Amino acid sequence: MDFVSPTVTNLIIFVLAIYVGYHVVWTVTPALHTPLMAVTNAISAIVIVGAMLAAALTETTLGKTMGFLAVALCAVNVFGGFLVTRRMLEMFKKKEKKTVNTAAAAGDKP
């Protein structure tokens, strides 16, 4: 593959990943959305580990700054994802029916 630039190859892979990702996300049924969000959060947690390793192995200030920025953005993504997943799971819980005490409703004091 000497006649194709690596930049062009990487760009093609990136565009294909966007296309496939778009179609995968929009064809997921709502019942499967929450478990997939949890898996995505786990993958983002793995990305944090990779960002920490990349930041630790660089020697330049720019590399360390970019590594720190990557770790910070991944952390925001993971924590925000867990909050959204928890909120979505709470939507599926059955709501408790409120019982009204008849004596208190009538204004009688015991």
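**A pair on one helix**

Tutor: Glutamate 90 has a relative accessibility of 43%, so it counts as partly exposed; buried means under 20% relative accessible area, exposed over 50%, and partly exposed in between, with a 1.4 Å probe and protein chains only. The side chains of arginine 86 and glutamate 90 meet in a salt bridge, at 3.7 Å from N to O. The term salt bridge stands for a side-chain nitrogen of Lys or Arg within 4 Å of a carboxyl oxygen of Asp or Glu. The structure holds one salt bridge. Side chains of opposite charge can pair when their charged atoms come close.

A word on the basis of these values. This is a predicted model, in which local features need pLDDT of at least 70 and side-chain atom pairs count only at pLDDT 80 or more, while totals for chains, interfaces and linings use all residues. Residues are numbered from 1 along each chain as its sequence is written, and side-chain values use heavy atoms, with hydrogens and water left out.

Now the helix. Arginine 86 and glutamate 90 are four residues apart in helix α3, so about one helical turn separates them. An α-helix has 3.6 residues a turn, so residues three or four places apart point the same way. Helices (H or I, at least four residues) and strands (E, at least two) are DSSP runs, numbered from the N terminus. Helix α3 covers residues 61-91, which is 31 residues. From its first C-alpha to its last, α3 reaches 45 Å, close to the 45 Å expected at 1.5 Å a residue; the expected span is 1.5 Å times one less than the number of residues. Among the buried residues of α3 are Gly81, Thr85 and Met88.

The rest of the chain gives the setting. The chain has four helices and zero strands. Buried residues make up 13% of its 110 residues. Of the contacts with a separation of 6 or more, 65% join residues 24 or more positions apart, where contact means heavy atoms within 4.5 Å.

Last, confidence. The mean pLDDT of the chain is 79, and 86% of its residues reach 70 or more; pLDDT is the predictor's confidence in each residue, from 0 to 100. Confidence is lowest in helix α4 (residues 102-106), at a mean of 57, and highest in α1, at 86.
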